[in-house]
Amino acid sequence: MSEPLTVSTYPSTSPPQNSSLSQAQAPSHLRHKASSVAAKPAAWRRGLPLLWLLPFALLFGLFQLAPMIWVMVNAFQVDGHWSLANFKEIIDSPFYLQSFTNSIDLALWSSLLGLLIALAGTAALRQVPGKLQDMVVAFTTMASNFSGVPLAFAFIVLLGMNGALTLLLQEAGIVESFNLYSRSGLIVLYTYFQIPLAILLLYPAFDGLQEDWRDAAALLGARPWQYWLRVVLPVLTPALLGTFIILLANALGAYASTFALMTSNYNLVTIQISALVAGDIFLEPQLAAALSLLLMMILLLVTAVNQWIISRSRYE
Amino acid sequence: MNKSLKAPLLARLTVNGLLILLVAPIMTTLVYSLSAQWGAHILPRGFTFDWYITLWSDSRFLAAFARSLLVCLAALLLSLLLILPTLFVVFYYFPRLKSLMNLLILLPFAVPPVVSSVGLLQLYAGGPLPLIGGPWILIFCYFTISLPFMYRALANNLDAIPLSDLIDAAHLLGASTVLAFLRVVLPNIRNGLLAALFLSFSFLFGEFVFANMLVGTRFETLQVYLYSQRTNSGHFTSAMVMSYFLFIGVATWFALRLQTRSR
């Protein structure tokens with residue numbers, strides 16, 4: 001599998017360097033030992049750099065791969081035996097099933113609303129002067145990091161029982177009351193943190209639209225809405241789908257803002273997982289692992305469907 | 001003609017609407033943090049800096065703030081030290097590993113922190129590496145979640161420069177590969193690197209899940225402290241939220257300035 005060695009093109013690597021690295025020449029069992037002179041630098045050129053990857057591989061393995069593998073293995077473990085009992089417990093429990101439907105419901109609505117608002121916003125943003133564009137993008141980047149606990153607090157101030165906007169809307173007679181600590185409250189909160197992310201992801205996609213397409217469409221007699229429907233949307237479809245998937249994943253995995261807003265009073269998968277490993281009543285890490293695995297499988301499924309739609313849309 | 005004038009107006013209105021939408025929670029929090037009293041009325045009664053003075057003389061807040069700073073900076077230093085050689089080795093020696101790296105750096109995105117925490121709690125609560133409850137576990141976890149940002153930003157930068165040509169030229173002039181990297185490649189990707197660091201900082205500074213689940217009050221970071229104050233005065237927490245937002249805002253602003261300069 002070894003690629004054609006580019007090394008031979010650069011024989012100028014000076015001998016003093018080789019000798020300073022002589023200890024790295026030790027792996028004489030390497031395949032190329034019998035070949036030409038150029039193979040010698042090739043051997044250490046490949047051996048020593050690999051060592052530089054070790055610390056990275058070690059940390060990544062210990063703190064990203066190992067916990068993931070632990071989850072995958074332990075989802076199928078009960079009292080030291082391989083078993084599907086964890087999954088059976090989840091499927092038999094209306095409570096855990098509800099956590100999934102709640103999570104998916106929240107993710108779908110917030111991703112859809114976030115995407116629509118971001119699409120309108122980005123399309124409009126692309127038509128305003130560059131300076132304003134830069135400013136809005138800068139602010140969006142800041143807002144995209146405004147999430148989790150601080151965001152939940154900001155929303156309590158804005159939309160809580162005595163929130164500024166709640167009182168304003170009540171005074172104006174638009175709403176009787178708005179309950180932030182409910183499904184609709186969470187949808188608003190989630191949509192808020194989806195919008196900046198969606199804008200940042202969609203913004204570059206608009207580079208693919210060329211200015212003269214609009215004129216060309218107009219010349220051919222298309223109305224603006226026809227231009228948007230028949231030209232812009234098809235061009236943006238892959239970007240829109242990709243963004244939608246990332247938003248879904250973002251919402252499904254979200255935990256901090258809901259937890260800060262209502263501790264464990266709303267039944268979400270992430271809330272249940274954390275309660276099973278870090279709660280103070282029943283610690284059931286293997287059940288948490290099974291829930292986690294199911295959550296990851298939903299994410300995987302969604303991504304696969306997205307890939308399938310994109311590949312299909314390209315050949316039609 | 002009329003249409004082309006109308007469209008930008010609609011666009012301007014939409015952009016303004018978007019800005020108002022994004023600014024609203026932040027502005028309200030700002031006003032709340034500055035108001036002496038604001039409850040059951042549309043407008044606050046009197047303005048004051050007292051909440052900020054109370055906050056910034058609260059030793060528990062200052063300690064939590066310092067801990068957050070320490071953990072984030074340590075994690076960024078670690079990821080810098082690890083990602084730079086890794087990127088260079090992958091891009092210069094093993095370009096074929098690029099696709100593997102692109103897959104690996106998706107993992108921190110695909111596996112939510114809550115899910116990672118499940119495994120981490122079991123693996124490092126005891127045993128040979130008892131890391132749970134201390135700053136180290138946070139530093140290592142923050143390294144993994146900052147990885148996609150750092151890697152993507154730097155990979156884009158490295159893709160944009162003629163890496164092998166630069167190194168070969170340096171070799172011809174007698175420089176070692178390490179020296180060539182430090183003196184030739186690094187200055188070329190400096191702005192992108194700094195931008196990635198600032199962006200990662202504002203992201204890590206707001207991290208709550210790992211901090212709460214793996215460490216909690218044993219090494220209280222800013223977010224955990226903020227969470228613990230949820231039942232206290234809204235003015236006080238608002239002042240904290242605004243201080244935090246100012247902090248990440250400045251970091252993001254630096255990052256964006258560096259990015260536009262490198263373009």
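**Salt bridges and their surroundings**

Author: In chain A, the side chains of Asp105(A) and Arg183(A) form a salt bridge with an N to O distance of 2.7 Å (a side-chain nitrogen of Lys or Arg within 4 Å of a carboxyl oxygen of Asp or Glu). Asp105(A) belongs to helix α4 (residues 94–125) of chain A and Arg183(A) to helix α8 of chain A, so the pair ties together parts that are 78 residues apart in sequence. Helices (H or I, at least four residues) and strands (E, at least two) are DSSP runs, numbered from the N terminus. The model is predicted, so local features need pLDDT of at least 70 and side-chain atom pairs count only at pLDDT 80 or more, while totals for chains, interfaces and linings use all residues. Residues are numbered from 1 along each chain as its sequence is written, chains are lettered from A and ligands numbered from 1 in the order in which they are written, and side-chain values use heavy atoms, with hydrogens and water left out.

Arg183(A) has a relative accessible area of 38% and is therefore partly exposed; buried means under 20%, exposed over 50%, and partly exposed in between (1.4 Å probe, protein chains only).

Over all chains, the structure holds five salt bridges. Another of them joins Glu220(B) to Arg60(B), where the closest N and O atoms are 2.8 Å apart. This pair links distant parts of the chain: Glu220(B) sits in the loop between α10 (209–215) and α11 (222–228) of chain B, Arg60(B) in helix α3 (residues 59–92) of chain B, and the two are 160 residues apart. Glu220(B) is buried, at 6% relative accessibility, whereas Arg60(B) is partly exposed at 38%.

A further salt bridge connects Asp159(B) with Lys98(B), and here the closest N and O atoms are 3.5 Å apart. Because Asp159(B) is part of helix α7 (residues 135–160) of chain B and Lys98(B) part of helix α4 (residues 98–104) of chain B, the pair ties together parts that are 61 residues apart in sequence. Both residues are partly exposed: Asp159(B) has a relative accessible area of 48% and Lys98(B) one of 27%.

The structure holds 34 aromatic pairs over all chains, where rings of Phe, Tyr and Trp (its six-membered ring) pair if their centres lie within 6.5 Å, and planes under 30 degrees apart count as stacked, over 60 as edge-to-face and the rest as tilted. Phe155(A) and Tyr192(A) have ring centres 5.4 Å apart and planes at 70 degrees, so they are edge-to-face. Phe155(A) lies in helix α6 (residues 148–159) of chain A and Tyr192(A) in helix α8 (residues 183–202) of chain A, 37 residues apart. Phe155(A) and Tyr192(A) are both buried. In chain B, Trp56(B) and Phe65(B) are also edge-to-face, because their centres are 5.4 Å apart and their planes at 65 degrees. Trp56(B) is partly exposed at 40% relative accessibility, while Phe65(B) is buried at 8%. One aromatic cluster contains Trp56(B) and Phe65(B) along with Phe61(B), Phe201(B), Phe205(B), Tyr244(B) and Phe247(B).

Leaving aside neighbours within four places in sequence, Asn145(A) is in contact (heavy atoms within 4.5 Å) with Leu199(B), Ser202(B), Phe203(B), Tyr244(B), Ile248(B) and Thr252(B). Asn145(A) is in the loop between α5 (130–144) and α6 of chain A and is buried, at 10% relative accessibility.

Taken as a whole, the interface has 83 residues of chain B in contact with 77 residues of chain A. Chain B and chain A bury about 7,200 Å² between them, 80% of it on carbon and sulfur atoms; buried area is the accessible area (1.4 Å probe) that two parts lose on being put together, summed over both. Helix α1 (residues 2–34) of chain B gives the largest share of the side of chain B that touches chain A, 17 residues. Between chain B and chain A the count of salt bridges is zero.
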